[in-house]
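Here is a short report for a reader meeting this structure for the first time. Please look over the sequence and the model before reading on.

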Amino acid sequence: MYEFDYKRPGTIDEVAGLLNDDTVLLAGGQTLIPTLKQRLAQPETLVDLSAIESLRGVCPDGDQLAIGAMTTHAEVANKATIPALASLAGGIGDAQVRNRGTIGGSIANNDPAADYPAAVVGLNAVVNTNRRTIAADDFFTDLFETALEEGEIITNVTFPKPEAAAYIKFDNPASRYAIVGVMVAKTSAGIRVAVTGAGPCVFRQAEMEAALSASFTPQALENIAVSADGLNSDIHASAEYRANLIKVLAKRAVVQING
Amino acid sequence: MTNETGIGASVRRKEDKRFIIGKGRYLDDITKPGQTYGYFVRSPYAHAKINSIDTSEALNASGVVDILTGPDMEADGIGPIICGWGITSKDGTPHKAPAHPALAVSHVKYVGHQVALVVAETLQEAKDAAELVEIDYEELPHVIEVGDALASDAPQIHDDIPGNLSFDWEIGDRAAAEQAIASAHHVTRMDLRNNRLIPNAMEPRAALGEYDAGTDEITLYTTSQNPHVHRLVLSAFNAVAPEHKLRVIAPDVGGGFGSKIFIYSEETVCAWATKKLNRPIKWTAERSESFLSDAHGRDHETHAEMAFDADGKILGFKVSTKANVGCYLSTFASAVPTYLYGTLLNGQYTMPAIYCEVQAGFTNTAPVDAYRGAGRPEATYVVERMIEVGAREMGIDPGEIRKRNFIPPDAYPYETPVIMAYDSGNYALAMDKAQAAIDYSGFEARKAESAQRGKLRGIGYSAFIEACGIAPSAAVGSLGAGVGLWESAQVRFNPTGSVTVFTGSHSHGQGHETTFAQIVSDQLGVPIDQVEISHGDTGKVPFGMGTYGSRSLAVGGSAIMKAIDKVVEKSKKIAAHTLEASVEDIEHSGGVFSVAGTDKKMTMAEIAFSAYVPHNYPADVEPGMDETAFYDPLNFTFPAGTHIAEVEIDPETGTTEILDWVAVDDFGNVINPMIVEGQVHGGLAQGIGQALLENCVYDKESGQLLTGSYMDYCMPRADDLPTFRVETINTPCTTNPLGVKGCGEAGAISAPAALMNAITNALGKEIDMPATPEKVWRAAQGL
């Protein structure tokens with residue numbers, strides 16, 4: 001780890017005032033700290049968000065659930081009133097990771113194999129920042145890229161409660177990140193199928209959404225050919241295998257929802 | 001008299017208290033006054049020429065004490081890292097081993113190769129300065145896979161070793177094996193890959209050198225499985241210090257699995273540098289360094305042919321293996337794919353003819369050496385996959401074909417065609433018990449039930465054998481070992497009756513402090529809490545050979561028995577004198593010495609006191625009660641058993657779930673059944689890891705290690721494993737005084753074959769390890 005300055009401000013405004021090209025926000029640190037320890041990053045200043053109480057908590061609000069950006073995975077797993085979301089959070093990493101890692105840190109990092117992007121997109125959530133609200137479909141833009149602008153800080157994520165939803169994940173056995181994770185949800189905006197792990201960035205599977213809108217059964221997905229084009233391929237899984245998993249996991253999610 | 005802390009009792013591990021309460025003393029817990037920190041600059045390339053090393057800027061960095069390089073070591077006359085076992089090729093020439101300087105001098109040969117040591121006041125400063133060391137590398141072509149390395153157009157790794165071939169070794173009778181294959185009813189032929197593994201002991205390797213200018217003595221604290229061997233090699237070959245001026249201490253060591261047997265660059269450098277700089281220097285590997293530079297395990301490419309008659313009786317077996325030894329020959333690298341491998345290809349069977357040839361090839365990867373099982377898992381994998389596939393091809397039940405070929409229980413001692421003489425065993429009994437435990441006859445019904453759920457169920461056997469208790473010195477000497485493989489023990493009574501046992505074995509998780517104390521408690525009636533086991537310090541313990549090859553109990557425990565015999569012999573004389581009887585009339589049982597036919601007796605504690613306060617004492621007996629023995633085994637021991645694994649595969653995802661696992665092992669006599677069971681569990685976890693999860697992958701293009709962290713290298717975790725059902729049968733070993741065979745490696749040796757036989761049984765198709773979900777999915781889908 002290289003030397004850096006460390007700040008722990010108490011308000012969002014103070015944080016915003018500190019941000020520049022040489023500062024990095026520290027949320028749960030589950031990606032950032034290992035990166036620093038391996039000397040792969042050399043920020044001048046780390047701005048720790050942990051003192052800002054307003055960024056924490058799981059707050060049911062009518063037919064919505066607002067989750068503060070600094071809420072840990074463990075807290076979401078224990079308190080989220082959307083079962084598919086709670087179960088997704090409870091399946092991230094291990095207990096140590098879940099007790100430190102946060103939803104805001106995860107989605108701001110937008111790791112292609114992270115679980116939360118599938119929840120945010122699949123459940124049609126809204127990402128709220130200190131400046132604006134960003135629709136889930138617009139938030140995740142590319143590999144480790146998001147719509148966040150310079151100096152923009154996620155404050156919370158609002159999840160509309162779905163009629164039903166299920167997230168099925170196929171773990172990388174080593175890292176327990178998603179080789180593929182599929183969130184299928186019946187939402188007020190229609191059926192949504194969001195896929196993480198398989199591509200450079202979370203994406204929706206439009207063909208499956210259409211098929212499930214017509215018939216919400218696993219059989220409806222049977223004849224959909226998932227293309228391996230553009231999917232990730234690495235030492236753990238080829239694109240072809242990931243394409244297979246997308247369909248298998250989507251069907252299993254539908255089965256789970258249908259009970 | 002039964003003793004509840006004696007032989008056969010599941011005594012709770014005495015050492016666990018300090019580990020559980022955080023009082024274990026591992027290497028990084030030790031800090032010396034004035035200590036500096038070492039950090040190694042390592043090669044980022046798989047193969048490169050070093051044009052220059054410029055340390056000038058780094059030397060001026062904050063806190064830097066010095067920066068040492070290969071030429072500095074050469075100038076001080078420090079010798080290269082050695083290989084301690086000579087292998088002779090088919091053509092009679094000795095194996096070829098390149099010079100291996102502890103710090104690279106002219107070339108780097110693998111990613112992670114040690115180039116320079118930065119010594120600084122803090123670790124942070126050492127790392128900062130390491131980034132300022134400027135090394136001008138000229139990249140050279142590299143080769144990763146052994147098959148590629150031995151091909152005619154391969155890049156040359158060492159100038160003086162043509163074709164990257166270290167040796168081309170053989171054992172057995174080629175003509176007889178080929179004749180059997182030519183005339184057989186059926187021949188099973190397979191190519192088998194034994195995947196490369198990275199050991200991953202919980203405590204990373206570490207070294208702390210401390211020089212005392214007053215006594216001119218170097219103390220090296222290091223994570224060693226065999227501190228005396230470290231001292232011997234560092235003194236005799238590396239010339240770090242004369243043996244009497246070098247003390248090696250291996251304190252609590254958090255796992256080894258073979259990887260801490262070897263004498264590595266890092267501890268050699270720290271031992272040398274502490275005197276050069278007259279400062280204590282500590283280096284502790286970061287996990288990434290462990291992945292890069294610990295000796296790796298396995299990595300064989302094998303073609304095998306097994307010949308059968310019409311009844312499934314094995315007629316002949318021919319095995320050709322290419323073994324990847326990495327870029328240099330590590331300490332025992334040459335022995336692992338030869339005498340620890342080819343000699344076990346007989347398995348538990350009567351095989352009239354066996355031939356094995358092994359080509360060992362250098363590659364631009366970390367050195368490969370012994371890893372839990374060391375050669376024997378590779379042999380078991382070949383034998384047990386071949387007989388299983390043979391059974392499938394011939395339509396014979398896999399249990400039945402093994403029973404037809406087992407060496408019968410009345411055939412011992414049994415000489416195999418590959419130089420081993422098995423002393424004892426009862427293979428059919430283990431198989432019968434395993435089949436009963438897993439309800440083998442009910443398998444088809446369970447398979448049908450799985451099929452109804454769309455799942456593929458499979459069952460697989462491994463009837464393994466290993467040669468442990470390594471080893472008779474004369475035998476291993478004749479096979480090329482540079483050392484003897486006996487063991488030492490010293491049983492020292494204190495005047496008040498408590499005992500300290502000094503053993504040349506080394507415990508790095510095995511529980512010696514309990515098992516060895518049980519032997520003393522059992523034989524001499526000393527309460528177990530009054531028996532202390534001391535090990536791991538060349539300044540305290542008689543010269544010993546350390547722990548590997550499941551040898552601690554069979555060899556180290558036997559040495560303790562020999563020392564106990566001497567204690568008993570002396571005690572009888574003291575008792576006879578005190579009780580006014582003749583020595584011949586003294587009977588001994590569990591620490592009570594009595595005069596036959598009378599109620600006159602003395603306890604061991606009374607005798608020990610008398611030996612130190614010899615007021616009324618036999619004239620011809622020395623005072624004191626402190627006996628040392630060295631034990632050289634008569635033979636290897638041959639633990640064996642049958643494991644049966646049952647799995648269920650999800651053909652849509654390729655996921656394998658292990659549903660059941662039965663292990664019936666013959667370890668001979670058992671001192672502590674609980675510790676034995678734990679050892680079996682640990683071995684099984686590692687064997688299952690190899691078959692299902694673990695795989696070391698280097699990128700062939702760049703030579704970089706792709707599985708360089710736990711993000712990509714998958715160690716088995718508790719939820720990957722089933723509830724093991726472990727049983728032992730106990731055919732005593734006939735060649736050591738305890739009748740024990742050793743249990744540390746059995747699980748790792750047996751498990752890969754059992755699991756792969758179960759998976760391929762379910763799939764109806766052969767695949768190589770590790771059976772990753774994608775590989776299994778492809779096989780299940782016919783892709």
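## Chain A as a whole

The model is predicted. Chain A has 10 helices and 14 strands. Its radius of gyration is 18 Å, close to the 18 Å that the globule rule gives for 259 residues, so chain A is as compact as a globular protein of that length. The C-alpha trace of chain A spans about 55 × 45 × 30 Å along its principal axes.

Burial comes next. Of the 259 residues in chain A, 44% count as buried. Contacts can also be sorted by sequence separation. Among the contacts in chain A with a separation of 6 or more, 60% are between residues 24 or more positions apart.

## Domains of chain A

Chain A is divided into two parts: domain 1 covers 1-48, and domain 2 covers 164-258. Their centres, taken over C-alpha atoms, are 34 Å apart.

UniProt, in an unreviewed entry, lists residues 1-164 of chain A as "domain: FAD-binding PCMH-type". In the model, residues 1-164 of chain A are 32% helix and 24% strand. The end C-alpha atoms of this stretch are 45 Å apart.

## Where the chains meet

How many residues of chain A are in contact with chain B? The count is 11 residues of chain A, in contact with 12 residues of chain B. On the chain A side, helix H10 (residues 239-258) gives the most, with 4 residues. By class, this side of chain A has 8 nonpolar residues, 3 polar residues and no charged ones.

## Domains of chain B

An unreviewed entry lists residues 21-141 of chain B as "domain: Aldehyde oxidase/xanthine dehydrogenase a/b hammerhead". In the model, residues 21-141 of chain B are 15% helix and 29% strand. The end C-alpha atoms of that stretch lie 51 Å apart.

## A helix in chain B

Is helix H13 (residues 443-452) of chain B largely in the open or buried? Of its 10 residues, the number buried is 0, so helix H13 of chain B lies largely in the open. Gly454(B) follows H13(B). The phi of Gly454(B) is positive, near 80°.

Asn669(B) sits in the loop between strand S27 (655-666) and helix H18 (673-693) of chain B. It has 17 other C-beta atoms within 10 Å, so Asn669(B) counts as partly exposed. A residue would need 20 or more such atoms to count as buried, and 12 or fewer to count as exposed.

Which residues does Asn669(B) touch, not counting those up to four places away in sequence? They are Asn730(B), Pro732(B), Leu738(B), Gly739(B) and Val740(B). Asn669(B) and Thr731(B) are 62 residues apart in sequence, while their C-alpha atoms are 7.0 Å apart in space.

Terms used:
Residues numbered from 1 in each chain as written. Chains lettered and ligands numbered in written order. Predicted model: local features only at pLDDT ≥ 70, side-chain atom pairs only at ≥ 80, totals over all residues. Domains from an automatic or database assignment. Contact = placed C-beta atoms within 7 Å. Helix = DSSP H or I, 4+ residues; strand = E, 2+ residues; numbered from the N terminus. Nonpolar A, V, L, I, M, F, W, Y, C, P; charged D, E, K, R; others polar. Rg over C-alpha atoms; globule rule 2.2 N^0.38 Å. UniProt positions renumbered as here; feature names shortened; annotations may be inferred.
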